[in-house]
Amino acid sequence: MNQAHLHLIVNHVPIVGSLFAAVLLGAGVLRHNLDLTKAGLVAVLAAGLLCLPAQLTGEGAAAIAQNLPRVSRALIHNHEEAAELGFWVLEAAAALALFGLLLLKNNSPKARLVTLLTLAVAVLSFGLLARAGNLGGLIRHTEIREGFGTADEL
């Protein structure tokens with residue numbers, strides 16, 4: 001098993017994880033349910049941690065993929081840039097989630113504000129990571145590329 005294989009195994013976790021965490025946290029906030037809100041914050045924190053394997057295997061996967069036929073270095077670069085942005089935004093959401101959990105534990109009046117900020121950043125991270133996933137899919141799934149089958153598709 002090589003870095004590309006590992007990357008393909010773990011790269012969907014941050015996308016699905018950030019969506020799940022944002023939905024769970026959003027439900028907790030909308031229902032004013034403290035237990036659900038705490039679970040959502042823990043889920044955001046977990047998504048941030050589970051994003052690390054995808055980020056750490058990306059460079060090795062790129063090194064392997066760039067030597068494959070019909071793979072464009074520009075597509076790899078676009079995916080890398082988008083994935084890095086999504087990664088750092090999800091890490092920011094995870095840091096906010098940890099801070100929010102600490103504020104909730106101490107019954108701080110600022111806990112709700114930090115929780116809402118965490119929710120907004122988690123939703124943003126999902127959008128960015130979904131875009132990165134789509135760009136990653138373009139690397140080897142030529143059938144989803146615009147201009148598929150034409151001479152200028154790469």
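How much space lies in the largest pocket? Which residues and elements line the largest pocket?

Analyst: About 800 Å³ of space lies in the largest pocket. The model is a predicted one, in which local features need pLDDT of at least 70 and side-chain atom pairs count only at pLDDT 80 or more, while totals for chains, interfaces and linings use all residues. Residues are numbered from 1 along each chain as its sequence is written, and side-chain values use heavy atoms, with hydrogens and water left out.

Rolling a probe the size of a water molecule over the atoms shows where empty space is left. Here the search runs on a 1 Å grid over the protein atoms alone with a 1.4 Å probe; a pocket is an open set of points with protein on both sides within 12 Å along at least five of seven lines, and a lining residue has an atom within 4 Å of a point. Points are joined across faces, edges and corners, and the volume is the space filled by probe spheres set on them.

The lining of the largest pocket comprises 34 residues, with His7, Asn11, His79, Gly136 and Ile139 lying nearest its centre. Two or more lining residues come from each of α1 (3–10), α2 (13–31), α4 (52–65), α5 (73–105) and α6 (111–140). Helix α4 gives the most, with nine residues. Helices are DSSP runs of H or I with at least four residues, strands are runs of E with at least two, and both are numbered from the N terminus. By residue class, the lining divides into 18 nonpolar, 11 polar and five charged. In this scheme Ala, Val, Leu, Ile, Met, Phe, Trp, Tyr, Cys and Pro are nonpolar, Asp, Glu, Lys and Arg are charged, and the others, Gly among them, are polar.

Of its 154 residues, 42% are buried, where buried means under 20% relative accessible area, exposed over 50% and partly exposed in between (1.4 Å probe, protein chains only). Among contacts (heavy atoms within 4.5 Å) between residues at least 6 apart in sequence, 73% join residues at least 24 apart. As for confidence, pLDDT is the predictor's confidence in each residue, from 0 to 100; the chain averages 92, and 92% of the residues score at least 70. Among the elements, α1 has the lowest mean pLDDT (88) and α3 the highest (98).

Nonpolar packing in the chain comes next. In soluble globular proteins, nonpolar side chains tend to be buried together. A nonpolar core is a set of buried Ala, Val, Leu, Ile, Met, Phe, Trp, Tyr and Cys residues joined through side-chain atoms within 4.5 Å. The largest such core has 26 residues, and those with the most contacts inside it are Leu25, Leu41, Val44, Leu90, Ala93 and Ala122. Helices α2, α3, α5 and α6 each supply at least two of its residues, and α5 gives the most, with eight.

Val44, in helix α3 (residues 34–50), counts as buried because its relative accessibility is 1%. Beyond its neighbours within four places in sequence, Val44 is in contact with Ala21, Leu25, Ala93, Ala94, Ala97, Thr118 and Ala122. Leu25 in turn touches Thr37, Gly40, Leu41, Val44, Thr115, Thr118 and Leu119, with residues up to four places away not counted. Thr115 belongs to helix α6 and is buried at 4% relative accessibility. On the same terms, the contacts of Thr115 are Leu25, Val29, Thr37 and Leu41. Thr115 and Gly28 are 87 residues apart in sequence, yet their C-alpha atoms are 9.9 Å apart in space.

Two loop residues complete the picture. Most residues other than glycine have a negative phi, and most peptide bonds are trans. His32, in the loop between α2 and α3, has a positive phi near 55° and is exposed, with a relative accessible area of 60%. Asn107, in the loop between α5 and α6, also has a positive phi near 55°, and at 67% relative accessibility Asn107 counts as exposed.
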